[in-house]
Amino acid sequence: MDHSQLPILVVLIPMLVSFVIPLVGIWNKKLPFYMATAAMAASLLAALGIMNQVLQQGPISYRLGGWAPPWGIEYYIDHLNAFIMTLVCFISVFICIYSRKSITQERPGKEVHFYCVLLLLFTGLIGMLVTGDMFNIYVFLEISSLSAYALIAIGDEKAHFATFKYIIIGTIGACFYLLGVGYLYMATGSLNIHDLSTLLQPLYGSKVIVVSAIFFIIGLGIKMGLFPLHTWLPGAYTHAPSAVSAYIAPLMSKVAAYVFIRVMFTVFDVSFSFENLPIMEILSWIAAVAIIFGSIVAISQSDIKMMLAYSSISQIGYIVLGVTMGNREGFIGSVLHILNHAFMKGCLFAIVGAIIYRHGTRAIERFGNLHRTMPLTSAAFAVAALSMIGLPPTAGFFSKWYLVLGAISAGKWVFVVVIMISSLLNAVYFFRVVEHVFWKPKSGGTDLPIERNEAPNSMLIPILVLAAGILALGFASHWIIEMVIGQTVPAGIL
Amino acid sequence: MIHEQESIVIKTVARLLVPFIQLFALYVIMHGHSSPGGGFQGGVILAASFILLSIAYGLDEVKRRFSIKALTVLTSAGVFLYAGTGVLCLLLGENFLDYGVLPVVEPRGMGMLAIEIGVGITVMAAMVSIFHDLLDFE
Amino acid sequence: MIWQLDLILLVFTVACAIGALVIKDLLGSVIMLGAFSLFMCLLWIEMGAVDVAFTEASVGAGITTVFFVIAVFKTERRSKD
Amino acid sequence: MEIIHSIRPLLAILVSLAAAILILFFGKHRNIREFWTLAAGVVKFGLVLSLLPMVLDGKAPVTEILTLADGVSLKLRVDPLGLFFALIASSLWIITSIYSIGYMRGLNEHAQTRYYFSFALCLSATIGVALSANILTFFIFYEMLTLATYPLVIHKETPEALRAGRKYLAYTLTAGVFLLAALVATYSFAGTLEFTPGGILAGTADKPTLRLLFVVFMIGIGVKAGIMPLHSWLPTAMIAPTPVSALLHAVAVVKSGVFGCLRMLWFVFGTGLLSDLGVWIWLAGFAAFTIIVGSMVALTQDNLKKRLAFSTISQLSYIVLGGALLSESAMIGSTMHLVNHAFMKITLFFCAGAIYVNAHKTKISELNGIGRRMPYTMAAFTVGAMGMAGLPPVAGFISKWYLCIGALQAEEMLFLVVLLASSVLNAAYFFPIVFRAFFRKPEPGAGEDGLPSGEASLFMVVPLCISAVVSIALFFAPNVPLHFLELAKTVVQQVLQGGQV
Amino acid sequence: MKFLYLALTLATGGLLIFGALDMPAWGDPNSPANSHVSPRYIEQSFHETEVPNMVTAVLADYRSFDTLGETTVVFTAAICCLLLLRRFRKESGS
Amino acid sequence: MEFLSGHANYFVYIMLMMIGLYGMMAKKNLVKKLVGMNIFQWSLILFFVSIGAKEGGTIPIVEGAHGHGAEIVIQASHYVNPLPHVLMLTAIVVGVGTTGVALAVLLNLYKKYKTLDEDEIIGKL
């Protein structure tokens, strides 16, 4: 196959396979899992090919239907989306492998359609990443949202209500995004991201543009789960099936964060985002509040999934804080944190899923003796928890390093303090769990059985791969920054 | 909710109407090029005809003629026809969905027709399927 | 474009929207939503968006209303607000 | 200094990491497991020792592992100060390992594999701390040390131990966060994090900012060094098994703290900048306060380990004080006290552990007459106590001598008074123990007399005798065993010359 | 609580009206939206695609990938409803 | 006044959007919430179609096209802008998809809690 067709293949393969899965599912219930994994793996290969091409030749443009950009839809891939796309594909493959046993146990009989919808979710995420067209992002946003709604709704007994809440809030978010697109279209007449960025230059004084920027921020803020707009997130992450939590938590908010970065730094340029309005200033304060809020609420949770969900809210705050600091270090920290957090949260939710699979509990108090029954899983948990706290040499340390560096370069000492406090709070709630997992004294009957009962290999291996990834990313972080992330920094940011 | 209707009038009228509705739907799909309409609208109208049948004759009757499996197959087949047209363009050496290379007369028009039919099939099957699912849920 | 017609349609659309939210009977509310959708559809025809209007008539006023009606029949008609 | 590339510093760290993995692997066979502990200790000591000639020749072996950020890499470099600390840690590890075997077997402790595993990790991190070439590498190993020590602190897994562990983590992790902030700020001011004799921060920012930075640094590093308002985790952590306390207090954790303190004072800020900013007096003041108050609190403690803990707090501040006084002799004294205190304190802790294993006594008031039953142990204890009080012929005298001369050189009579007063206090809280042990009769009643019939196992007695002997040897020939005095003088010259350039 | 919602609604409304102040007048043929990309669709689509209905031309050709996405949305909705509503034999058995 | 008449459609869409948004957030009945959601989405569509409207423009279908295509000269100002229509076709379909999934969730909720009132459901959680 010609290399120039890679950008479409990365979306097309999972899409086509997802169309076929219901047909195959009629006569074979086992095959869909393999098809889904294969499709994601193929996407991963394509994404790696794209990555390679981008690294060697710079950004790629692909014209769908052969029409020139402002008229037709264009796929535009530069370092930023190539990077996040590879990340999404990588995590997807492993979580997909992971999901098989878990979903068979939790929702027997629904595997066929589960994999179809999972693949559609994947398609939606990748579609949002590759495209260079504002409206196309909306379409794929809706594909991913719809499939996420369905996947969350098949969770535990409270999942339906959480999903309904998510549908209502998520629709508001998507509509606000579309409203922002509409305002931009009204002011410029174009939908193509790069066309827009040139057309918008003389228009920054217009109220229409200002309002559209605000709607983008609100809409994408909802989709990301940024602090005052996060209300859907804890319920959705907590009550979804464990495989779905492990898929959605690391990826969906990251892709929304990518769109946010794309809109604020490519569509609008840096001068608008930072100088015309105090938007970024306000956002960075919101992010700071989110960081503290998420951590504090996480401390008071007794359900581990709820705790991780609130921790996600605080970590989203990190990402937003980094990009809104307006300097190179902060931006790098943000993008690096997208990568690191995807690994950490994927690993943590996968571990929780494995615990639920074996012991059927997610109450932190009942984790006593876990290190005896599931030693490898517990070790992976320790690694991920250390990384969340930000201790070296795990990956989490390095994103924090760059974020602090960014805050210092921006002269914002308050944010240095915020990041410091938050890592302490992280330590508080993660060590609470670690203590239960490794050392809690026996307290009469509520502990788990002592005999070794590790999760099945198909779940354990993805967990270990992600945990190893956390360590490897720590050591490779400078290399990654030099190779890729350094190139993603928008031109206006010094 | 929907049981077999007692009224012979409704049954007869429905049976009379359905072919015309379906014919119109097909017209809408095929004539989307030169008049308002297209795959979506036609597909939805086609779905409406089956929904009318369900309302008049009861869900079970329709299911007997139009099984769930068939609906699944059609839902997939429609999108597959759409994407398949695009892939065909890929295989013929052009970009995805670039109909110019299709080996037929008026390639662009024909390509569009193919995808409109695909859209129509999917929309019809999907709507009927959602309708059945909602109705069947107990 | 006739502004009197335009105005009447706009007023009716808003009235239907408010009605759909205010009516306590859910079936009535859902039917009102269908009516809202039809007025929308007329508005769009008037703006020259025939395709959108066609789709709205079939999808919005048709299928969506059918879905809603099924849901209301399957659940309950009463509503407290 | 001539830089030569060498993989030996890295190997010195990896040896105990590898041992940790092997220990985990052979967890079921205790002889093999403990063999690995000892073997790694010996190999590590050999590796560190092999670096000594190079450093004495004025060469600096460097291992650059990988780049962590622009201009900062995971890098090890052996300079005299680092080697000094590495020598202490690696030599004491061997002794502690032997002692642990006796202690753990004597008490039949649970989870011994985890214990040895964490122990090996701890040592790996300590050597890393010693040999780091820049603050980031230092920080990484410093945090690793925190985590590796945590399982040791809560070894008993009782609610009390868990609470102590939580307190330990709360203090050290908070400190870590401060240190991280300070380190990032340093990076953004100076653009480098390399430890350089004479400092890297001079002239990079205005004075108030640098003063603030100094305070943040000292909070970050001062927790482990046990400087007074930040010390309270240390007595709490006494809940840990005694070899761990010995390790915590004499070798790894607190020494990393003071070692880090010296690093930051001399190699990041530099003597010139410190006297420019005038901040050294703050630190010296805190240290003096800690010396006096720590000794006074020690007087009131009845629990032997608690008394030793407060003694540690007070003694560590000698080192900090010497580092902060910035005069040549004070700096030599401070460096020498690193090693002297290590050997003396570990002797004392070993004795406390031996008493606990053999007699199950933890209170000082119960020790009447124990010296007659355990003469070697208590003799060693006496040696340690004399050293603490700064009496010849034990090594403590040398460092105190240099410190006093340094205080004179710096013309700070107040600190001289503090040092002398502290010696008196030290004598006041140690000698009653010796007195009780040898000259009081065991209290009557309670069955027999509650005292053991003889010494603890050889695994415990031999190490504590060795360390006591070394403490004395360091007095007579501070240069002979491992060239400690020579190294200390090199360090100080380097720092002072670097400061002048 | 209702007060909060009302305030949020009014705030959104205020924002929208604020944006509307700078909008081009309704039906203005020279507004940016009507003069940048769309003229090419209107003027060229018939020549380029031989389809008289411009909406179809844009829908099915220029922006056909959007339409594929949209069809995928319908497909997704169908499968999602299936996943949520349909009972499967195994599940009822257990 | 001229401004008002020129922007009347925009104000109506703003009003509808506020109605929909309020319904979505403040109504306690879940069906009502979905009704609000639909009003919200359709008001957005109204906004988009309004962008494309053109004074004096006709529906975007080429007149007299059959048979002799190539000679026809088409003036952009004669036809309304087709692009928003295309986008909104997509949006309508997305809307019906969302509604379908939402109703599916709603039926599941009713089955479990036997009520559609948000507060009662929260009380029963």
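This is a predicted model: local features need pLDDT of at least 70, side-chain atom pairs count only at pLDDT 80 or more; totals for chains, interfaces and linings use all residues.
A disulfide here is a pair of cysteine sulfur atoms within 2.5 Å.

**Stop 1: chains A and F**

Start by selecting chain A and chain F together, and colour them separately. Which residues take part where they meet? The contact draws on 27 residues from chain A and 38 residues from chain F. Putting the two chains together buries about 2,900 Å², and carbon and sulfur atoms give 85% of that area.

Now show side chains for A:F161, A:F164 and A:Y185. In chain A these three lose the most area to chain F, and together they make up 24% of what that side buries.

Next, look for polar links across the boundary. How many salt bridges are there between chain A and chain F? The count is zero. Polar contacts do turn up: four residue pairs between chain A and chain F, with both residues at pLDDT 80 or more.

**Stop 2: the helices behind that surface**

Switch to a cartoon view of chain A and highlight α5 (134-153) and α6 (159-188). Each of these helices supplies at least two residues of the side that touches chain F. Of the elements on that side, α6(A) gives the most, with 17 residues.

**Stop 3: chain C**

Hide the rest and select chain C. What is its fold made of? Chain C has three helices and zero strands, so reading from the N terminus the order is simply α-α-α. Its C-alpha trace spans about 40 × 20 × 10 Å along the principal axes.

Among contacts in chain C with a separation of 6 or more, 62% are between residues 24 or more positions apart.

**Stop 4: the cysteines**

Finally, bring all chains back and select the cysteines. How many disulfides are there over all chains? The count is zero.

Zoom in on C:C16 to see one case. The closest cysteine sulfur to its own belongs to C:C41, and because the two sulfurs are 13 Å apart, they are too far for a bond. Is C:C16 buried or exposed? With a relative accessible area of 7%, C:C16 is buried.

Methods
Residues are numbered from 1 along each chain as its sequence is written. Chains are lettered from A and ligands numbered from 1 in the order in which they are written. Side-chain values use heavy atoms; hydrogens and water are left out. Contact means heavy atoms within 4.5 Å. Buried area is the accessible area (1.4 Å probe) that two parts lose on being put together, summed over both. A salt bridge is a side-chain nitrogen of Lys or Arg within 4 Å of a carboxyl oxygen of Asp or Glu. A polar contact is a pair of N or O atoms within 3.5 Å; within protein, one must be able to donate a hydrogen and the other to accept it, and residues adjacent in sequence count only if both atoms are side-chain atoms. Helices (H or I, at least four residues) and strands (E, at least two) are DSSP runs, numbered from the N terminus. Buried means under 20% relative accessible area, exposed over 50%, partly exposed in between (1.4 Å probe, protein chains only).
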